[in-house]
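Look it over first, then read on.

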Amino acid sequence: MWSLEHHGVMEHTDRQDAPADERWEVVIVGGGAAGLSAALVLGRARRWTLVLDAGEQSNRPAHGIGGLLGHDGLPPAELYRKGREELRAYPSVEVRDARVTGGAPEEGGGFVLSTADGDVVRAERVVLATGMTYAVPDLPGLAPLWGDTAFHCPYCHGWEARDGALAVLGADHGVHRALLLQGWSRDVVLLTDGPAELDDAERSVLWSAGIPVVERPVAGVTARDGKLSAVVFADGGELPRDGLLVFTPLAQRTGLAEELGAVLDERGAVDVDGFGRTTVPGLYAAGDVSTLMPQVATAVAEGSRVAAVLNGDVLAEHHGIAPMIPARAAA
Ligand SMILES: Cc1cc2nc3c(=O)[nH]c(=O)nc-3n(C[C@H](O)[C@H](O)[C@H](O)COP(=O)(O)OP(=O)(O)OC[C@H]3O[C@@H](n4cnc5c(N)ncnc54)[C@H](O)[C@@H]3O)c2cc1C
């Protein structure tokens with residue numbers, strides 16, 4: 001595995017002395033849009049790259065991917081299947097179905113990761129592409145509609161809901177989300193699920209925009225033919241609706257990033273510089289796990305960028321020169 005004759009600058013004499021357990025140039029944790037995109041670029045750059053993926057990409061419940069150039073509306077599972085298939089062309093890349101359960105930086109550099117199957121994998125560099133959990137409201141009837149007529153992102157699913165009777169659930173960023181959703185339909189209601197803490201200015205903005213505020217507690221939703229049909233209130237009343245925008249705070253899926261030494265920002269995302277470098281040398285992040293803009297296109301772009309930056313960092317380290325893209329200042 002360790003002789004890479006074809007690429008002089010990347011020859012590593014220590015490969016002959018590699019320990020019996022695995023030590024890869026790069027391990028990517030997560031094989032969603034970000035991880036597969038990074039693997040593609042690293043494979044094309046002939047880096048020994050292992051992708052460990054638990055296969056639970058966050059948009060799997062969705063009917064299609066909205067807003068991904070060249071793949072608009074493609075079922076998410078199909079994107080991941082195609083992504084893995086493309087990687088088969090690159091012999092230095094391996095994709096494994098595995099869940100990383102722990103990790104730590106190693107003395108002298110690099111990282112060690114353990115998987116749920118009991119494997120131990122070592123890496124000179126790690127890319128975290130683990131995505132985030134989306135906290136979907138625990139509302140009776142909502143789960144089967146999630147990613148279709150109940151959605152969190154108008155850019156992803158607003159087009160399919162256009163011109164319908166829509167509602168925004170929850171007071172969190174309610175004013176902004178309601179105004180945003182009006183780009184897809186004039187018929188938008190803000191459901192604050194109980195008394196709303198809206199000031200006069202906010203109520204006035206909503207009133208001017210023609211967005212009613214309903215403060216009755218919400219008890220659930222009903223569906224017809226697999227699509228949202230109404231929002232049900234705790235008092236028994238119903239509001240017929242075709243689409244529901246819900247608020248889903250994002251959070252780290254596991255403590256892995258912190259185990260590897262990464263710092264989280266105030267949003268709970270991995271703190272990276274503009275190029276996906278974390279505060280830990282050799283540890284990178286891409287996609288939802290570190291982004292402000294959780295979308296598939298963003299994840300693909302960040303995966304691609306982090307791979308190129310990482311590759312440049314390897315070269316710089318190997319030849320003892322400064323990276324072409326300057327490293328972030330020490331924290
Ligand atoms: C319901 C829904 C619908 C969406 N629809 C759209 C849409 O239409 N258009 C759009 O642009 N965006 C959409 N998004 C957002 C989009 O899905 C994300 O921005 C995108 O998937 C992020 O890609 P990622 O690679 O960062 O993370 P993910 O796609 O979540 O992939 C992360 C991968 O890492 C794996 N992983 C995590 N931890 C570990 C571990 N410890 N070991 C091994 N593997 C691990 C996961 O199992 C998963 O396979 C949607 C999101 C949701 C929740």
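The report covers the model, its domains and the ligand site.

## The model

This is a predicted model, in which local features need pLDDT of at least 70, side-chain atom pairs count only at pLDDT 80 or more, and totals for chains, interfaces and linings use all residues. Residues are numbered from 1 along each chain as its sequence is written, and side-chain values use heavy atoms, with hydrogens and water left out.

## Two domains

The chain is divided into domain 1 (2–134 + 249–319) and domain 2 (143–246); the bounds come from an automatic or database domain assignment. Their centres, taken over C-alpha atoms, are 36 Å apart. Seven residues of domain 1 and nine residues of domain 2 make the contact (heavy atoms within 4.5 Å).

The two domains bury about 680 Å² between them, with 60% of it on carbon and sulfur atoms. Buried area is the accessible area (1.4 Å probe) that two parts lose on being put together, summed over both. On the domain 1 side, H63, Y134 and Q295 lose the most area, together 54% of what that side buries.

## The ligand site

The ligand is surrounded by 38 residues (a heavy atom within 4 Å). D53, E56, G66, V100 and D288 are the closest. The shell holds 17 nonpolar, 16 polar and five charged residues; Gly counts as polar here. Each domain gives the shell at least three residues.

A polar side-chain atom of D288 lies 2.7 Å from a ligand oxygen. A polar backbone atom of Q295 is 3.0 Å from a ligand oxygen.

Conventions. Polar contact = N/O pair within 3.5 Å; in protein donor to acceptor, adjacent residues only side chain to side chain.
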